[in-house]
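Visitor: I am new to this structure. Could you show me how to read it, one feature at a time?

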Amino acid sequence: MPFARLASATTPTAHIGLGLAAVGRPGYINLGREDDLPAVRSVDALRERTHELLDAAYAQGVRYFDVARSYGRSEEFLADWLNARPDIDDIVVGSKWGYTYTAAWSTDAEAHEVKDHSLATYERQRAESAELLGDRLDLYQIHSVTPDSPALTDKELHAKLAEAAAQGLSIGFSTSGPAQADAIRAALAVTVEGEPLFRTVQSTYNVLETSAAPALAEAHDAGLTVIVKEGMANGRLAAAHAPDAVTAIAEETGLGADAVALALVLRQPWAGVVLSGAATTIQLASNLHAAVVDLDADQLARLDALAEDPHAYWERRGQLPWH
């Protein structure tokens, strides 16, 4: 299991990962992103920004890096960075398949990505990921599983995924939507020849969306590594947009609203890796302060009170514009 590499890490930031969704393509749904990226979002400009973030993250103890086929050129940018640093051997690399990037490097495309969990898409995208990342790829995840996903019932796909696992690749899945808990529990029941197929789960959990917590605890108890994404709620918990309670607690701790938001996630006993989706090195440094935030009982209660109905949360997320 590649995440065993993190078990002996001594830096407090080793269990904070860096996700490249916000910098691998010119358009994404994070609030404030229009101010975070270069005015000209060329491939070279975003490659340079991605490499700056990767350098800063590694230097500050981050050891998990997360990409996806649908994150524009994120795999390519990460591969370039890795190829230039062949002696870095203490990191874990995860990617995802199941969405195809369709925006052609535009911010106003009619569709930015298309979902397809079929075996044919897996085989095509597995080859694409392998061409870029080779044996540096440790974890391959089904992207955004929902309870109705055919990936949960396709036995032929399961057999192919198990074959990849037998060759040393860890197999995982990510979830999205208001029924994340149902998707997690359905995935936990997937077996091949009597053995559980999945070794990791990546789900949205944050101050505003906590509904997956019981199922994530079950996944952890079943031996899966839990990766938490969207801990900043796509920018809704950043300083400019954060609820008053988050802002107040940030002032009390002397750190940023982002550090407070991510600290709540880090303290969950089932959270193995918590992703930063930073788009600048300043944001990254602030995110990493989450590792030293100590929230007291009163502060935790005030944060807990901010949780939204999951259907309302995901409806709001679905309305966020691509910047």
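This is a predicted model: local features need pLDDT of at least 70, side-chain atom pairs count only at pLDDT 80 or more; totals for chains, interfaces and linings use all residues.

Visitor: In which sense do strand E3 and strand E6 pair, and over how many bridges?

Guide: First the general idea. Strands of a sheet pair through backbone hydrogen bonds, either parallel or antiparallel. Here, E3 (residues 92–97) and E6 (residues 139–145) pair in the parallel sense, over four bridges.

Visitor: What do the eight strands close into, and in which order?

Guide: They close into a barrel with parallel pairing. Follow the order E1-E2-E3-E6-E7-E10-E11-E12. On average, neighbouring strands of this sheet are turned by 25° against each other, direction ignored.

Visitor: Which strands does helix H7 lie across?

Guide: H7 (residues 180–188) lies across E6, E7 and E10. It runs at about 160° to E7. Now take H10: this helix lies across E1, E11 and E12, at about 160° to E12.

Visitor: Which residues of helix H12 are buried?

Guide: In H12 (residues 297–304), Gln299, Leu300 and Leu303 are buried. They are on the same side of H12, because they cover an arc of only 100° around the axis. Their cover includes helix H9 (244–253) and helix H10 (257–266).

Visitor: What does the face of H12 turned away from the buried side carry?

Guide: That face carries Ala297 and Asp304, both exposed.

Visitor: Where does a side-chain oxygen of Asp296 reach?

Guide: Look at the start of H12. The Asp296 oxygen comes to within 3.1 Å of the backbone nitrogen of Asp298.

Definitions and conventions:
Residues are numbered from 1 along each chain as its sequence is written. Side-chain values use heavy atoms; hydrogens and water are left out. Buried means under 20% relative accessible area, exposed over 50%, partly exposed in between (1.4 Å probe, protein chains only). Helices (H or I, at least four residues) and strands (E, at least two) are DSSP runs, numbered from the N terminus. The arc is that of the directions from the helix axis to the C-beta atoms. Contact means heavy atoms within 4.5 Å. A polar contact is a pair of N or O atoms within 3.5 Å; within protein, one must be able to donate a hydrogen and the other to accept it, and residues adjacent in sequence count only if both atoms are side-chain atoms. Two strands pair if DSSP finds at least two bridges between them. Axes are lines fitted to C-alpha atoms, for helices over the stretch in contact, and angles run from 0 to 180 degrees between N-to-C directions.
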